[in-house]
Amino acid sequence: MLKQRDRLTLSLSSLFVALAFAGTAPAQPVTPGQPAEGKGEVVVTAQRLFDARSGRYVDSPQVLIRDGRIVSVGHAGDAAPAGARRVDLPGMTLLPGLIDMHVHLDSDPSYGGYTGLQFGDRFWSMLMVPHAQRTLMSGFTTVRNVGADAWNDVGLRQAIDEGKIVGPRVVTAAYSFGATGGHCDSTFFPPSMHQQSEFSADSPEEARKRVRELRKYGAQVIKICATGGVFSRNTEPGQQQMSFEDMKAVADEAHLWGIKVAAHAHGAGGIKDAIRAGVDTIEHASLIDDEGIRLARERGAWLSMDIYNTDYTQSEGKKNGVLEDNLRKDREVADIQRENFRKANKAGVKMIFGTDAGIYPHGNNGKQFAVMVRYGMTPAQAIQAATVNAAQALGREDVGVVEANRWADLIAVSGDPTQDVTLLESVPFVMKGGVVVKGATAL
């Protein structure tokens, strides 16, 4: 999702969230200025633990945490360090903290079309603070922010990592970019307003330079727009807008620096060229064809298909000011994308959980699980897409699985989410880095 605004610097307001450890642990407020990760030793027990690698349960788990990291995963009753704080979750299912691979934390769906122009530039950076908090409280302890204005996501990540505000781990793309006049450019204004992206790339040489510039100032993943889009003006989703040569230059340069590439790609041609160019994750993939599915499977590209959000955009978009042309494109690709999700998953393509949150309200990320199950995944597969698969696609070995040496990012729900995945729409317990950020004495 793109918004048409000037560049701005990130300014963040102070925030206080009083939260506590469950069980017998004393209250431990999470406040600005506190370290982002927990200190000391914590023992967590529950009725069962979802093993993201196998998709099966471990009964009566006991997770030992030290200084925010998991030390070991055993069984209830195992020896525990004297003085360790306890978080006991009887009757609950423990899972890894969830990962959303496609969000826009400085976007708010309440303002569509031109309605966002009524606000000053700093408005959007302010909104990132509550958006990040809602996302974390919904159980998503890591997100990949694939495109933001004015380095907003970089500043947000830094503030969260410093413990100044509360939010998930944020993997930052900073500005997304593509061809001049394409989906990642500014396309809503006449020439007299001279609105354009300074990061558009119209040759392999420019593409390489954009990667270097973005990495220099905080991009941890590169996001390009290979095709037109739904919520831009004067582009169509199926149109390819970056050449194979341009995308290959991006992928080669990014991989040289050790970072991955995500490509916004709705159209079949753009999807296939992005995969051939070495792009790591394909975002949306709405119009993927059989050849594209085969290429993705053979070359190991991950598909991130946002198959929930059209429910929101079609019901609320007009009231929010979204232009009819954008709603028309949204309607045209919605069912096709969902059926192609079914086909790709059935074919064995690697799938990750990505919602495009910001197109719909932040904090509702978990609503996509049920749609993924409706279109062919088992609940366990949908959970794996948002845990172990997402961690692998990020190239990270510190999140996504409950095992030794990873961050103690944990969530818990009452009941069995492999039987009722809608339990993940309202998560009552959230721990990030060994600190309970949701779900105190009520549990």
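The model is predicted, so local features need pLDDT of at least 70 and side-chain atom pairs count only at pLDDT 80 or more, while totals for chains, interfaces and linings use all residues. Residues are numbered from 1 along each chain as its sequence is written, and side-chain values use heavy atoms, with hydrogens and water left out.

**Exercise 1.** Find the salt-bridge partner of Asp409, and say where both residues lie.

*Solution.* Step one: look for a salt bridge (a side-chain nitrogen of Lys or Arg within 4 Å of a carboxyl oxygen of Asp or Glu). The side chain of Asp409 meets that of Arg169, at 2.8 Å from N to O.
Asp409 is in the loop between helix H11 (388-394) and strand S15 (410-414), and Arg169 is in strand S8, so the pair ties together parts that are 240 residues apart in sequence. Helices (H or I, at least four residues) and strands (E, at least two) are DSSP runs, numbered from the N terminus.
Step three: check the partner. Arg169 is buried too, with a relative accessible area of 7%.

**Exercise 2.** Are Arg144 and Glu283, which form a salt bridge, buried or exposed (over 50%; partly exposed lies in between)?

*Solution.* Step one: the closest N and O atoms of Arg144 and Glu283 are 2.8 Å apart. Step two: Arg144 sits in strand S7 and Glu283 in strand S12 (residues 281-284), 139 residues apart. Step three: Arg144 has 2% relative accessibility and counts as buried. Glu283, at 0%, counts as buried as well.

**Exercise 3.** Locate the disulfide (a pair of cysteine sulfur atoms within 2.5 Å) and give its handedness.

*Solution.* Step one: Cys184 and Cys225 form the disulfide, with their sulfur atoms 2.0 Å apart. Step two: Cys184 lies in the loop between strand S9 (177-178) and helix H3 (204-216), while Cys225 belongs to strand S10 (residues 221-225), 41 residues apart. Step three: the S-S torsion is about 55°, so the disulfide is right-handed. Both cysteines are buried.

**Exercise 4.** Which residues does Val250 touch, leaving out those up to four places away in sequence?

*Solution.* Step one: count contacts (heavy atoms within 4.5 Å). Step two: list the neighbours, which are Phe177, Ala207, Val211, Ile222, Ile224, Met242 and Val261.

Note on methods. A disulfide is a pair of cysteine sulfur atoms within 2.5 Å. Buried means under 20% relative accessible area, exposed over 50%, partly exposed in between (1.4 Å probe, protein chains only).
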